[in-house]
Amino acid sequence: MNYRPGRIFLSAPHLGGHEKNYVLKALEDNWVTTTGPNLPGFEHDICQHTNARHAIALSSGTAAIHLALRLLGVQAGDEVLCSTFTFVASANPILYLGARPVFVESEPGTWNMSPEALHEAIAARLKVGKRPAALLLVHLYGMPARLKEILQLADEYGIPVIEDAAEALGSRYGGHQVGTFGRLGIFSFNGNKIITTSAGGALITADESLAAQARFLAAQAKDPAPFYQHSQMGYNYQLSNVSAGIGRGQIELLEKRVKQRREVFTFYRNRLQHIEGLEFMQEPKGSFSNRWLTTVLLPEGKQPEDLRQALEDENIETRLLWKPMHLQPLFAQQPYYGNNLSSMLFSRGLCLPSGSNLTEEELEKVVKHLRLLLEQA
Ligand SMILES: *Cc1c(COP(=O)(O)O)cnc(C)c1O
């Protein structure tokens, strides 16, 4: 960690106070394990806040993606369509299963999967005799993807959809929480997400039998026998009851945290939109973003890495946009479809400090330094 006192973080945990009540209760009652009342409590809360039918609390968002792929029957040699503009955790679980990611480019409006590139990818894979086994759709930085067009294509070709809503808890599309549109959806409660359990995640689905199967696989796939018998390969992916306690306290605050993150976005936009060539991400009609991170595209001639370092000198943490998966050495051999929009985004973009607990003074400091760096010729 690059920690110096007074540091302005990109996205820090923001506790509300009730978390410790749930955690203390877990410690007092000796529920310091992967069972205990906070787990069904937290899962219930997730369903309440997202309108999901079933929620399974898990040890991470990555684990949730791995389970989701496994539940759809993805096997070694299969192909999985995946957004290229994302964090590596979206794509790694495809490799865990010995399957192959097929990366699909973004579109300019949402920075998420382009329906045109998706269509191109599906047609090209079918042409070489490969029917994609699943589609992993990411809602990046909290912005909902073009769900209508993408679900329509997926339906047409009979490809089941997993929504990676790790960054998009509280974001809505047509009034509904993202993650609830696909066969399965996932959230992350990592420390830098909009709410946290320190580390953790959840799988959501409307399908009761998939939910039951997820619980089974997440707990080492123990057969219903009086002894430890196993017919399938399972995982140790359960969340702890202590972590779930943090989650129960956190999720009470979700709507407030979304409001606060959106206020951070509005603050930056109001203070910086006059800078020529600086671009903010728009919210398409019908979409509501949790604004997990405020991201900007810099004016021509400005290098994101130069700005990042200059701000680092001021003890301000920023981050470049995700480097697209099809440009990663790890995935160099994997198919990719699109026009390289995400390479342009990567070369021009910066994520600004966006935590819900940033003070007005801290935001003013970020704006002051950004203006100094961007307004000089
Ligand atoms: C954080 C994140 C994940 C993984 O979640 P973890 O809980 O950290 O495993 C997956 N996808 C995206 C897009 C993320 O940002």
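**Terms and their grounds**

Reply: Strand β6 (residues 172-173) is joined to β7 by two bridges, in the antiparallel sense. The model is predicted, so local features need pLDDT of at least 70 and side-chain atom pairs pLDDT 80 or more, whereas totals for chains, interfaces and linings use all residues. Residues are numbered from 1 along each chain as its sequence is written, and side-chain values rest on heavy atoms, with hydrogens and water left out.

Me: What makes β6 and β7 a pair?
Reply: Two strands pair if DSSP finds at least two bridges between them. β6 and β7 have two bridges, so they meet that criterion. Within this pairing, Arg172 lies opposite Gln177 of β7. Strands here are DSSP runs of E with at least two residues, and helices are runs of H or I with at least four, numbered from the N terminus.

Me: Why are β7 and β11 said to stand at the edges?
Reply: The open sheet has three strands in the order β7-β6-β11, paired antiparallel. β7 (176-177) and β11 (287-288) each have a single partner strand, so one side of each is left without a neighbour in the sheet.

Me: Why are α5 and α6 called roughly parallel?
Reply: The axes of α5 (residues 115-127) and α6 (residues 147-156) come within 10 Å and cross at roughly 15°. Angles under 35 degrees count as roughly parallel (over 145 roughly antiparallel, 65 to 115 roughly perpendicular, the rest oblique). α5 and α6 are therefore roughly parallel to each other. The contact (heavy atoms within 4.5 Å) involves Pro115, Leu118 and His119 of α5 and Glu149, Ile150 and Leu153 of α6.

Me: Why does Glu312 count as buried?
Reply: Buried means under 20% relative accessible area, exposed over 50%, and partly exposed in between (1.4 Å probe, protein chains only). Glu312 has 14% relative accessibility, and therefore counts as buried. Glu312 belongs to helix α10 (residues 304-313). Arg7 is 305 residues away from Glu312 in sequence, yet 9.1 Å away in space, C-alpha to C-alpha.

Me: What makes both faces of strand β12 covered?
Reply: In β12 (residues 294-297), Thr294 and Val296 on one side and Thr295 and Leu297 on the other are all buried.

Conventions:
Axes fitted to C-alpha atoms, helices over the stretch in contact; angles between N-to-C directions.
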